Amino acid sequence: MFRCLVLVSVVCLLLSTAALQLLAAPTAEQREEIQAATELMVKAGALFNQNKFPEAGEAVKEAQEHVIKAADDADQATLAQLAPIHKRMEQAHAILKSKNVDLPPLEPLPATKTAAKTAAKPTTAKPAPGKKPAEKTTAKTTPEKSTAKTDSKTPPGKAGAAGSVSFVNDVAPILNSRCGGCHVRNARGEFSMNTFDLLIKGPPKSGKVIFPGDVKSSVLIEKVQEKEMPPNGAGIPDAELAKLKKWVEEGAKFDGKDRAAQLTTYVTPSNAAATNSLTTVRQATGKETISFARDIAPMFVKSCVGCHGRDQPRNDFNLSTMTTLLRGGERGEPVLPGKPADSLLIKKLRGTADGQRMPQRGAAFSEEDIKKVETWIAEGARYDAPDPAMQLTVVASIAKAQASTHEQLTKDRAKLAEENWRLGMPGTTASKFERDNFLVMGSVGENTLEDIAKRAEALAPKVGEIFKASPGQPLVKGRVTLFVFGERYDYGEFGKMVEKHDLPAAARGHHKYTIVDAYGVVLTPKTPEYDFDTLIAQQLAAVYVASLGKNVPHWFAEGCGRVAASRMAPGSDRRVAQWDIELSGIVGSLAKPDDFINGKMPPENADVCSASFAKFLMSNSRQFPNLMDALRKGADFKKAFADTMGGDPEKLAAVWVRDPPKMGRGGRAKK
């Protein structure tokens, strides 16, 4: 853990590049102090990793002294470079303290000097009348120490000549992508590429690995060319290797601003994408025999995520998502799509790679399970879940739920309901009542819950009739939970604790559907403000619509739920009437017609628009039923919508906004 903390790379500077250009750069002496402090923190991390805590403390102590010297009379640019080192020292202090290592107090960095003092411009005396201004002279400065030649005429970030290789734009992104886990963010084998100077200096024991102008003698090129590095044995793309070779041939020049800057600062979205082609997540075609979500993710969740989860993953290898899995850790990419025998992941599972077999702390994978992983890789290591950034725990849970029967889902959701209640209402015992299709839990009496459960059973067929659901079958696969609260405070706390957000002030109920879980939350009325059956029916309708097809968006499910509520509400329901009162003002405030679709307005306002838009869509008696039929058959929402409704939601929103229907019995919202 300490190693990851002390070697964490700088992801942003305290000043913009433009601002730094106005300031004086660190002096040669300050650069040496910064370099020494960086190397000592790398050393401290390595010592800590070897459980040599007192020695790690001594390295941190010595690094502090170098930082103090560098900070003395430092300008803004220098302090910006010291800030990340100082932050790592703070983290090191906290961790070493837990190991009973005492360190001298870490003083904060001094206040930033004023720009006037650090970047003062020389003034030129006004010439006497009749005399020409004196010619400009340029003062010569002593060149700073360097371990490799640089082209002083090359502007930062630019190649020295047409077609030449730039360290900043070409080489640094490759090193970050292919070597970052071992040698940029860490110092495996005591070799750090954290900065250009450290890269050129090479590891302490073996010395330089790059010899400007001499490709054959440059060990780094040899290791990469022979596929010894990265250690996964996959090598790097030929185009990237060619760039590294050409850069060395051209003299291994540095075209950045500061040789002591961390290499991670040179990574941009564009060049990162260009060097991450091997870790691109490829979507499944549907022809694969092994499903990642159904077959692979559950194994990784059970046996691997404990050590390689998102919190301090061992060896910087994070298996918590598909994206991080393919990216790999200190040893590079673990999966080579189409090449299971060459993939480090398979070698580690079989125990044929150097180091320990994986999982290290659990039972070995069975031959059957390893064969599944091999087949998955052979078929391209493809992904069949919605979002590559989704946690594998969620991916596995969704896959299990999709394969479950109504009865199994009912049992699993009952367990989730108990967990949600304990999270939302800790220390409070819930009353419960169960019916065939509903589990009702709440902070009201059991008799009230029994009555609500009966109401829900009676309302379900009416909701199904509105949307032409299949009669005689449960409205939703797996029993739906209804959480019932008698107090607004409790209802609000449930939203904060379970769903991690504040509920809108106007909210009296809401829904959630993920197939793993399906529930509605309702607040019982204390006044005749709204009809309780209408509120329940709204949540049932929204859950039903959300359960259809794939990737049904919230705005569509919520909008359809509110349309169902408006059709079933008595005229005295002031809550539904309020939607109509607010509609015209909300529509008039839209910057774009589809703002409510794209999450660019407050949730309650968006839901009011969604309801009117859903009513607009449902008014098409031919196309809307076709959309619902397609969803019932499992179609993806986006494609089904475009195929049946004659365009995407954004396109139809531009038509809707001209004359948005109110939720009452007819009528339009005047803008």
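User: Which residues does H86 touch, not counting residues up to four places away in sequence?

Analyst: In this predicted model, H86 touches L106, E107, P108 and L109. H86 itself sits in helix α5, residues 76–98.

User: Why is H86 called buried?

Analyst: Its relative accessibility is 7%. Buried means under 20%. H86 therefore counts as buried.

User: What makes α20 and α21 a packed pair, in terms of axes?

Analyst: Two packed helices are described by the angle between their axes and the distance between the axes. For α20 (residues 532–546) and α21 (residues 554–568), the axes come within 7 Å. They cross at roughly 145°. The crossing of α20 past α21 is right-handed.

User: Which residues make that contact?

Analyst: From α20, the contributors are T534, A537, Q538, A541, A542, V545 and A546. From α21, they are F556, A557, E558, C560, G561, R562, A564, A565 and M568.

User: How do these contact residues divide into nonpolar, polar and charged?

Analyst: The contact of α20 with α21 has 11 nonpolar residues, three polar and two charged. E558 and R562 belong to the contact, and Glu and Arg count as charged.

User: Which residues touch the most other members of the largest nonpolar core?

Analyst: F467, F556 and F596 do, in a core of 87 residues. Helix α20 gives the most to this core, with 10 residues.

User: What is F467 in contact with, leaving aside neighbours within four places in sequence?

Analyst: F467 contacts A541, Y544, V545, C560, A564, M618, M628 and R632.

User: Which residues does the second, separate core include?

Analyst: Among its 35 residues are I290, A297, I398 and A399.

Notes
Residues numbered from 1 in each chain as written. Predicted model: local features only at pLDDT ≥ 70, side-chain atom pairs only at ≥ 80, totals over all residues. Heavy atoms only, no water. Axes fitted to C-alpha atoms, helices over the stretch in contact; angles between N-to-C directions. Helix = DSSP H or I, 4+ residues; strand = E, 2+ residues; numbered from the N terminus. Left-handed = near helix turned anticlockwise from the far one by under 90°. Contact = heavy atoms within 4.5 Å. Buried < 20%, exposed > 50% of the residue type's maximum accessible area, 1.4 Å probe, protein only. Core = buried A, V, L, I, M, F, W, Y, C linked by side-chain atoms within 4.5 Å.
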